[in-house]
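Here's a quick briefing to read alongside the model. Take a look at the fold first, then go through the points below.

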Amino acid sequence: MPLSDHEQHILRQIEQELQQDPTFSERVSRTSRHRLTMLIVGLIVGIALIVAGLTVNFWLAFVAFLGVLVIAVMLEAEIRVVGRQKLGSLPINAWIAGAARQSRRPEH
């Protein structure tokens, strides 16, 4: 569904306000990148703990495996946030043009 002229105007205003607030974009991207890096390091350490835990005790390896699963889920969520940020950095015209192209696409 295409946006009305009023909705397009409101979206442009929001985009301009966010561009004028440099602390917002810096704070969001910095936190996300730092957390993403820490989760990747945690995932690697967790995998190393699984391997080391198998030589010591099965239950230690199992607990490390559960920790890796939790970290993997958190990492996936963080990657989605970064993806949304990249998608959100597109100009509003790209969003509108993309929606218009999809509505005109013939169905097979």
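I71 touches L39, G42 and L43, leaving aside residues up to four places away in sequence; a contact here means heavy atoms within 4.5 Å. Keep in mind that this is a predicted model, where local features need pLDDT of at least 70, side-chain atom pairs count only at pLDDT 80 or more, and totals for chains, interfaces and linings use all residues. Residues are numbered from 1 along each chain as its sequence is written, and side-chain values use heavy atoms, with hydrogens and water left out.

**Core**
- I71 sits in the largest nonpolar core together with L36, L39, L43, I50, A64, V68 and L75, eight residues in all.
- Helices α2 (22-56) and α3 (58-88) each supply at least two residues of this core.
- That core is a set of buried Ala, Val, Leu, Ile, Met, Phe, Trp, Tyr and Cys residues joined through side-chain atoms within 4.5 Å.
- Buried means under 20% relative accessible area, exposed over 50%, and partly exposed in between (1.4 Å probe, protein chains only).

**Overall layout**
- You'll find four helices and zero strands, taken from DSSP runs (helices H or I, at least four residues; strands E, at least two) numbered from the N terminus.
- Buried residues make up 15% of the 108 in the chain.

**Salt bridges**
- There are two, each with a side-chain nitrogen of Lys or Arg within 4 Å of a carboxyl oxygen of Asp or Glu.
- R35 pairs with E78, with the closest N and O atoms 3.1 Å apart.
- This pair links distant parts of the chain, R35 in helix α2 and E78 in helix α3, 43 residues apart.
- E78 counts as buried at 9% relative accessibility, while R35 is partly exposed at 40%.
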